[in-house]
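Please look over the sequence and the model before reading on.

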Amino acid sequence: MQHQDAGGGARLTIDLEAIRANYRALAAVVAPAPVGAVIKADAYGLGAARVAPSLAEAGCRTFFVAMLDEALALQPLLPADARLYVLNGLAPGTEAECAAAGIAPVLNSLAQVRRWQDVVAQRREPVAAALQIDTGMSRLGLSAGEADVAAREMAGAAGMGIDLVMSHLACADDPADPSNQRQLEAFRRLSALFPNARLSLANSGGALLDARFHFALVRAGIALYGAPPISAAGVTIALTVQLSAPIIQVRTIAAGDGLGYGLTGGADHERQVAILGIGYADGWPRQLGNTGAAYHRRVRLPIVGRVSMDSLAVDVTMLAEEVLCEGLHLELIGPNQSLDQVARDAGTIPYEILTRLGRRFSRTWVN
Ligand SMILES: *Cc1c(COP(=O)(O)O)cnc(C)c1O
């Protein structure tokens, strides 16, 4: 069995149809509210330049990035009627560029509201922007008092073009968390100050809460990319990524031999070990040393020893000799080992696993 790759490294396969299917599944759940796609951080590491146009094909017209540069890079790839919002706000000095490009900042502070007002006042036509209100997460957005001030100031400013008022849920991944209800109530109260804007509160987790959280737009990220933030919500979220890494050496380790940095991977019996060409420099978490696994078909192959920068070792004693060869790819994320499982084993969340996936992988987009 021979698997060849130009670079000889790990392979990441991204299923664009699965991402579109997740989009449609979420859209069905939150209808009539539309789903906007959060494509910040290169679409959570999956390639925004491929993912965003693919979602546009499926009907998505609202997109969220974190930085203006991300928006500028993606704008030419999207239909003319698509809207891009910049979640991290209006960076000082970028006001004119942002307005000229027709990219909508999410105004997070009074200072940003006022700087935007100045730019808009110099233009003939209104330019779209969103306003974020903080409803309890204490991250980005105007406080209740500031929202009041903004509403009064904006009433006097024609053509401000605030077309979306939004807030963000801190605990939407836990439907039972009482803060969801508190944030909902605060959002209702404060958003009433801006009666002409569309409202948006829910991320992926919020989309799977009840319909009161959906308002006029849901902002979905992780659920599009295949990690169900809640498993029991009746939505089937499809797997979108597969990651495999090649065996770069096979060796027999004698009982009592150490293995890897710190020699933490030793055992008191003889073993067959395969060294895989993926390490923490590729975003494969070092925390998976002596805990995570790779798979060959259904067979779980435990990671032994610490994860190195460019390689790691798995115990392949249970595989038949004739299967084991250099170049054979073993599954790290796929049908046998979900993204959620990897995240749990590494003591982190699927978001972090995805956004750290390495630049050295050969990436293939299918469908
Ligand atoms: C990242 C982000 C989202 C998307 O969150 P998911 O949990 O990935 O769906 C939505 N809204 C805001 C403000 C965000 O920063």
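Q: Which residues line the largest cavity?
A: This is a predicted model in which local features need pLDDT of at least 70, side-chain atom pairs count only at pLDDT 80 or more, and totals for chains, interfaces and linings use all residues. Residues are numbered from 1 along each chain as its sequence is written, and side-chain values use heavy atoms, with hydrogens and water left out. On a 1 Å grid over the protein atoms alone, a cavity is a set of points where a 1.4 Å probe fits but cannot get out, and lining residues have an atom within 4 Å of a point. The lining consists of Q132, I133, D134, T135, M137, R139, L140, S167 and H168.

Q: What is the volume of the largest cavity?
A: The structure holds one cavity of 30 Å³ or more. A volume is the space filled by probe spheres set on the grid points, which are joined across faces, edges and corners. For the largest cavity this comes to about 50 Å³.

Q: In which pocket does the ligand sit?
A: A pocket is an open set of grid points with protein on both sides within 12 Å along at least five of seven lines. A molecule sits in one if more than half of its atoms lie within 2 Å of its grid points. By that rule, the ligand sits in the largest pocket.

Q: Which element gives the largest share of the lining of the largest pocket?
A: The largest pocket has a volume of about 660 Å³. Of its 34 lining residues, the closest to its centre are Y44, H168, N203, I222 and Y351. Helices (H or I, at least four residues) and strands (E, at least two) are DSSP runs, numbered from the N terminus. The largest share, three residues, comes from α10.

Q: Which residues are the closest to the ligand?
A: A residue is near a molecule if one of its heavy atoms lies within 4 Å of it. The ligand is surrounded by 14 residues, and the closest are K40, Y44, S204, I222 and Y351.

Q: What is the distance from a polar side-chain atom of K40 to an oxygen atom of the ligand?
A: A polar contact here is a pair of N or O atoms within 3.5 Å. A ligand oxygen is 3.1 Å from a side-chain N or O atom of N203, and a backbone N or O atom of G221 lies 2.9 Å from an oxygen atom of the ligand. For the polar side-chain atom of K40, the distance is 2.7 Å.

Q: Which peptide bond is cis, with omega near 10°?
A: Most peptide bonds are trans. P32 is placed in the loop between α1 (16–30) and β2 (35–38). The cis bond runs from A31 to P32.

Q: What is the phi of S138?
A: S138 is found in the loop between β6 (129–132) and α7 (144–155). Although S138 is not a glycine, its phi is positive, at about 55°.

Terms used:
Polar contact = N/O pair within 3.5 Å; in protein donor to acceptor, adjacent residues only side chain to side chain.
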